Amino acid sequence: AHTLMDGQLLVQLEEAVGSEHKVRAESLMKGITEALRPIFGALPKNNMGRVGPASARFALHRLFVQRHGWQVKGLAAYGETWEGVHPSVALADRIPHTVKHLFDDKLDSTGLSLHELAAFAATLEHMIHSEAMTRLQAAYKLMGDEPMQTLQRDEARRVIQTYMAIYVIGLNASATTRSKAQIASIEKIYPGWNDTLNFLDSLQLELVGERPKYEFSDITDVVEEAGERFGRFQNQECIEMKKMLVKLEEFEGSGRVRLADFYGSALHAGQWQFSESVGYLRDLGALDESESSNLRVIIPNYLNAPSNCMEPSAYYGVCCIDECEEVLGYVEREVKAPTATPKEIANIFINVPSASLAAGRKLSATSLRRLEELGDHHQGHIPIHGRLFAQWLHLAYPRECPYPHVSGTIRPKTAKDWMEAGLPTTARNEEMQQHIEAERQMLSTRNGTNEEFSSAWWSMEEELVDAQ
């Protein structure tokens with residue numbers, strides 16, 4: 001029965017996206033299935049071995065972050081629970097309603113198998129491919145070239161650069177001649193443009209080489225690969241930003257920066273990007289207010305916030321890549337189940353890899369004590385896809401793993417959305433100065449420790465990704 005249902009869903013999908021794309025979808029499926037397998041294997045399933053809507057959404061969100069550094073619209077939770085919406089919202093209105101309903105009905109009734117989840121992801125990647133083709137045709141037209149024709153290498157390079165300009169500015173994929181002025185001033189609009197040109201040149205060399213003429217398929221290969229790799233390339237900026245924040249840490253390994261030092265670096269050290277207003281930082285979930293007289297910016301929450309995202313596509317944003325993803329992925333591959341005992345988790349963390357903490361790092365006494373607390377709370381078996389385990393990961397890896405706010409308590413938005421609501425995203429210079437002055441007066445009276453600080457925001461409120 002499973003294969004029959006799988007088959008029915010896949011036939012409908014094929015009809016929706018066109019059977020000529022079947023070969024492409026099938027080639028995608030293999031890589032997607034392998035990437036999803038460890039996530040799927042560790043998620044809670046029903047008695048048919050399938051995942052429900054919340055787990056499906058969670059798995060798909062993480063798949064695209066892992067594969068391309070993409071935050072697919074409608075998949076990221078952004079401060080809400082995972083069961084808030086069905087993952088099919090990511091497909092928007094771009095596939096027939098019949099197919100969308102088929103997905104939703106399947107999710108609600110029997111759930112999805114690994115194969116069906118991979119088919120959903122391949123459908124989404126296929127739609128993103130179609131959007132890239134629309135964007136490429138617009139680039140040809142803007143350069144005055146006939147779409148799909150063979151071009152001399154230099155002309156092809158210009159078309160590829162125009163395509164990328166449309167992409168990074170976030171123009172509509174079918175950009176028109178009105179977009180020419182924006183593209184001409186790309187260096188002012190997008191400070192990383194020169195680095196992006198180098199990225200494109202090396203991609204061109206790798207994929208097409210020194211050939212004097214480029215076929216349309218060559219150009220397609222370059223722009224597709226550029227979209228798929230841009231998230232990782234762009235993440236270099238995030239890595240640099242993290243280094244700056246770590247230098248400002250309240251004390252080594254705390255994963256927090258005093259708001260006064262954050263603003264001080266903006267006013268006195270040329271780090272102009274560290275100037276978000278208190279209200280905006282709070283809504284992003286990047287502000288630790290556990291001590292009202294000493295507000296702090298939480299490094300991983302700040303880095304992973306939508307304020308650091310670009311929106312090049314109707315389907316996804318390119319954001320900083322969540323470094324905790326690597327840690328959780330490692331736990332999933334080791335545990336291969338939805339829950340683990342405190343002892344199993346402690347043993348796993350002897351070898352866990354992480355971006356800024358050496359493998360084999362000994363867990364602190366506090367971390368081990370908290371792990372036992374979680375075990376007691378869950379009768380010995382800790383769900384690895386829940387708020388409490390995420391909170392424990394933040395305690396163990398405060399620079400990599402974001403603090404998990406209780407759903408509904410934060411409202412992360414892009415700077416554009418915040419400004420459209422008439423709210424200031426940046427603090428005025430005098431506000432920043434006030435925080436710096438207040439902190440100077442407080443410093444002489446404070447001598448806290450990391451242990452005290454970590455207990456101030458610890459809460460035993462659980463929220464499971466999927467509570468089946």
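A nonpolar core is a set of buried Ala, Val, Leu, Ile, Met, Phe, Trp, Tyr and Cys residues joined through side-chain atoms within 4.5 Å. Buried means under 20% relative accessible area, exposed means over 50%, and partly exposed lies in between (1.4 Å probe, protein chains only). The model is predicted: local features need pLDDT of at least 70, side-chain atom pairs count only at pLDDT 80 or more, and totals for chains, interfaces and linings use all residues. Residues are numbered from 1 along each chain as its sequence is written, and side-chain values use heavy atoms, with hydrogens and water left out.

**View 1. The nonpolar cores.** The largest nonpolar core has 106 residues. Within this core, Phe-349, Phe-389 and Trp-392 touch the most other members. Helix α5 (residues 114-142) gives the most to this core, with 17 residues. Helices (H or I, at least four residues) and strands (E, at least two) are DSSP runs, numbered from the N terminus. A second, separate core holds 24 residues, among them Leu-245, Ala-266, Tyr-280 and Tyr-302.

**View 2. Helix α17 and Trp-392.** Helix α17 spans residues 387-396. Nine of its 10 residues are buried, so α17 is largely enclosed by the rest of the structure. The buried residues include Arg-387, Phe-389, Gln-391, Trp-392 and His-394. Trp-392 touches Ile-345, Phe-349, Leu-363, Ser-367, Arg-370, Leu-371, Leu-374 and Trp-458. That list leaves out residues up to four places away in sequence. Contact means heavy atoms within 4.5 Å.

**View 3. Helix α6 against helix α9.** Two packed helices are described by the angle between their axes and the distance between the axes. Helix α6 (residues 153-169) and helix α9 (residues 193-207) pack at about 130 degrees, with their axes 11 Å apart. That angle makes α6 oblique to α9. Axes are lines fitted to C-alpha atoms, for helices over the stretch in contact, and angles run from 0 to 180 degrees between N-to-C directions. Under 35 degrees counts as roughly parallel, over 145 as roughly antiparallel, 65 to 115 as roughly perpendicular, and the rest as oblique. From α6, the contact includes Arg-153, Ile-160 and Met-164. From α9, it includes Trp-193, Phe-199 and Asp-201. The contact residues divide into eight nonpolar, three polar and three charged. Here Ala, Val, Leu, Ile, Met, Phe, Trp, Tyr, Cys and Pro count as nonpolar, Asp, Glu, Lys and Arg as charged, and the others, Gly among them, as polar.

**View 4. Helix α6 against helix α10.** The axes of α6 and helix α10 (residues 216-247) come within 10 Å. They cross at roughly 35 degrees. On the α6 side, the contact is made by Ala-156, Ile-160, Tyr-163, Met-164, Tyr-167 and Val-168. On the α10 side, Ile-219, Val-222, Val-223, Ala-226, Gly-227 and Phe-230 take part. This contact has 11 nonpolar residues, one polar and no charged.

**View 5. Two loop residues with positive phi.** Met-148 lies in the loop between α5 and β2 (151-152). Its phi is positive, about 80 degrees, although Met-148 is not a glycine. Met-148 counts as exposed, at 52% relative accessibility. Lys-336 lies in the loop between α14 (324-335) and β8 (339-340). Lys-336 has a positive phi near 55 degrees, and this residue is other than glycine. At 61% relative accessibility, Lys-336 counts as exposed.

**View 6. Gln-137 and Val-159.** Gln-137 is found in helix α5. With a relative accessible area of 33%, Gln-137 is partly exposed. Gln-137 and Val-159 are 22 residues apart in sequence. In space they are 9.5 Å apart, C-alpha to C-alpha.
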